Amino acid sequence: MPSDLIGQLNESQRQAVLHGEGPLLVVAGAGTGKTLTLVTRVARLIEEGAAPERMLLLTFTRRAAREMLARAARLVDGPAPGTVKVWGGTFHAIGNRLIRMHGRTLGIRPDFTVMDQADAADLMNLIRDELGHSAKDRRFPPKQTLAAIYSRTVNAGARLAEVLDTAFPWCRQEIEGIRSIFRRYTSRKLEHNVLDYDDLLLMWRALARAPETRTRLAGMFDHILVDEYQDTNVLQADILWHMRGPAANVTVVGDDAQAIYSFRSATVRNILDFPARFAGAHVVRLEQNYRSIPPILAACNEVIALSPERHEKTLWSARRGGRRPMLTTCLDEAEQSEVLCRNVLEHREEGTLLRRQAVLFRAAHHSDLLEVELARRNIPFVKYGGLKFLEAAHVKDVLALLRILDNPFDEVSWFRVLQLLEGVGPTGARRLMGWLGVRRELPDAPSPLRRLIDGPPECAPPVRDQLAELGSALRDCSTTDLPPAAQIERFRQFLIPVFDRLYSSARERLRDLEQLEHIASRYPSRARFVTELTLDPPVSTGDLAGPPLLDEDYLVLSTIHSAKGLEWDVVHVIHAADGMIPSDMATGSPEEIEEERRLLHVAMTRARDALYVYFPLRYYHRPKGLEDRHSYAQLTRFLPESVQALFDRRGPEALATDASVKAGPVQRVPEVEAFLASLWD
DNA sequence: AATATCCGTATTTTT
DNA sequence: TACGGATATT
């Protein structure tokens, strides 16, 4: 390792990089060079002879893992071929790999399919119907809620009753029904060779604990490094504990002031308890911020200082000068979009590329209006977070077809696919599934896929013909070794008439399938493609059809959650109103509110040179309606006077301009009225 | 009995 | 926008 690399680090960073054997906790505030430190540590370990293929780098997203490994490779000596052998990815992605390698010991076949949360919800729904909880006499939690309750319970390792009490009190009376659904849900997944997200962690932990495999797993890695440790949950901490190996060379990096994933059962206790659990852990704190100019950092510090919890760091800036952040009060959302666009373009004029600027918001739909305005002004953008490509109905349709080929006993996929046929609804699909034998009664039952291909069942001719079509599409894709892209192409042919019948925007949806085909062409096998798509879906949706070309400039729109770990020169935080941040879905308990405060802190600390916070005064309730129903919002409670004092302020423009120009309630213009009257009265 | 269709509503955040 | 619920249609 070139010594000047070490020389560029500050004292704390150097300590973290040079730390020898044993557990290490790096408490790293926002913008303190956490990634640089982690990457340099990886590079140094390799330089000193650590085997890359015996290192594991766990990050929050695959994107982060890829980026870090690429940077580490550059540090070692150019794009070193050795570095890419480092195991890197999310807990879920690594779990997926390990379970495919060693799962047989637990009775899991290596060709299992992975369900995303929407699939999990669909299976819950299927079971809910079976158990008769869909009766209308009383309301039972809807499928997404069931999936959410399940996931939270499993990840927290808590009793169902407890989780219901604390997080889902309105479902408390239904606990018996929920329990019976969960029981069947669990066994059903095993029978059908399907794992959900949570299983990837559960089974990994089971492997790491099982007498037959635990030594092998704990012996796989000499070094394990975990990024964003404050956002891991109990299950993940357990996994780390069991995987730690004899030397316990475990490095975790995190910041309790940036914990924003408690809805996924993440707990800051993991980071707080790390020194106790991993005895002899060395602790390093990074407090020097290299990212933001001092006035921005001052505002960020003040926001988090108001948190009643103890955050033992105060960040100080290594940079000088700069302008204070701007708090802009807008009349309404429309004005917010307008002012924002102007600011964005102004910065671009001054030389800040659009992609060095980001708009951050609490919930995915908060940018809806802005997106319209950006499109109108021809400002290109990419949106991260929110509805994913593969949550769109048509993408799920083709994915279900692909899944059936890999796992002919995938109930959820059959249920979806069969309902694509005209004249087949939920009931018809269930009957057909019975005929196909999708619910595997015997361990070595014949494949439903074979049954369909060999000859359609006795049923009404229109359905039978469509089944034959479906069968031939499935056969074409299963018997030859078509590459994944060609299989999608084949299914697209099958889906053209289906989409025309089912969806109003059939053409756009079919275009999306071409997009999918394009993505698939990068994958060697269908199974790989489907799994990787589930674990690491493309980020943008719909009409944007794929990532913009690399040399194109685009503004970044992102939920605050998806902005984690990233930075931009100019950051715009919109909807800084109570009810948005904190979301009024999250004001139930003090803990929830504190998490919302950290969320705002995370958003603000993404900014390097300029920070804008926008607050619309007025919200309209019926976007479509003609009536002018609106209410007035309060500035977010996280920006009280003491924090506002650190901002420059700009008021609502419409009020600031000359009073006579201000648009009142609709004006009467007699001349126009008279003209119109002449046309139709 | 099953499917199609319409309407109102509520909608966080992610692997 | 997608879901659940209710009603209309086959």
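Biologist: Into which domains is chain A divided?
Modeller: This is a predicted model in which local features need a pLDDT of at least 70 and side-chain atom pairs count only at pLDDT 80 or more, while totals for chains, interfaces and linings use all residues. Residues are numbered from 1 along each chain as its sequence is written, and chains are lettered from A and ligands numbered from 1 in the order in which they are written. Domain bounds come from an automatic or database domain assignment. On that basis chain A has domain 1 (3–99 + 208–255 + 262–286), domain 2 (113–192), domain 3 (322–388 + 547–656) and domain 4 (390–519).

Biologist: What radius of gyration does chain A have?
Modeller: Chain A holds 28 helices and 18 strands, where helices (H or I, at least four residues) and strands (E, at least two) are DSSP runs numbered from the N terminus. The globule rule, 2.2 Å times the number of residues to the power 0.38, is set against a radius taken over C-alpha atoms. For 681 residues the rule gives 26 Å, and the value for chain A is close to this, so the chain is as compact as a globular protein of that length. The radius of gyration is 27 Å.

Biologist: What share of the residues of chain A count as buried?
Modeller: A residue is buried if 20 or more other C-beta atoms, placed from the backbone, lie within 10 Å of its own, exposed if 12 or fewer do, and partly exposed in between. Of the 681 residues, the buried share is 43%.

Biologist: Which residues have the most contacts inside the largest nonpolar core?
Modeller: In soluble globular proteins, nonpolar side chains tend to be buried together. A nonpolar core is a set of buried Ala, Val, Leu, Ile, Met, Phe, Trp, Tyr and Cys residues joined through C-beta atoms within 7 Å. The largest one here has 178 residues. Those with the most contacts inside it are Val 42, Leu 57, Val 398 and Tyr 614.

Biologist: Which residues does Tyr 614 touch, leaving aside neighbours within four places in sequence?
Modeller: A contact means that two C-beta atoms, placed from the backbone, lie within 7 Å. By that rule Tyr 614 is in contact with Thr 328, Cys 330, Gln 336, Val 339, Leu 340, His 572, Val 573, Ile 574 and Ala 576.

Biologist: Is Leu 345 buried or partly exposed?
Modeller: Leu 345 belongs to helix α15 (residues 333–349). Because Leu 345 has 14 C-beta neighbours inside 10 Å, it counts as partly exposed.

Biologist: Against which elements do the buried residues of α14 pack?
Modeller: Helix α14 covers residues 294–305 and reaches 16 Å from its first C-alpha to its last. Its expected span, taken as 1.5 Å times one less than the number of residues, is also 16 Å. Nine of its twelve residues are buried, among them Leu 297, Cys 300 and Val 303. They pack against β9 (288–289), β10 (316–317), α25 (590–604), β16 (607–620) and α26 (641–644).

Biologist: And against which elements do the buried residues of α25 pack?
Modeller: Helix α25 has 15 residues and reaches 21 Å, close to the 21 Å expected. Its buried residues include Glu 596, Arg 597, Leu 599 and Met 604. They pack against α14, β12 (357–361), β15 and β16.

Biologist: Where does Pro 582 lie?
Modeller: The peptide bond from Ile 581 to Pro 582 is cis, with omega near 0°. Pro 582 is placed in the loop between β15 and α25.

Biologist: Is Ser 265 buried or partly exposed?
Modeller: Ser 265 lies in the loop between β7 and α13 (269–277). Its phi is near 70°, a positive value in a residue other than glycine. With 22 C-beta neighbours inside 10 Å, Ser 265 counts as buried.

Biologist: Which element has the lowest mean pLDDT?
Modeller: pLDDT is the predictor's confidence in each residue, from 0 to 100, and chain A averages 85. Over residues 657–662 the pLDDT is below 50. Where pLDDT is low, the predicted coordinates should not be read in detail. Strand β15 (residues 568–573) has the highest mean among the elements, 97, and the lowest, 56, belongs to helix α27 (residues 653–656).
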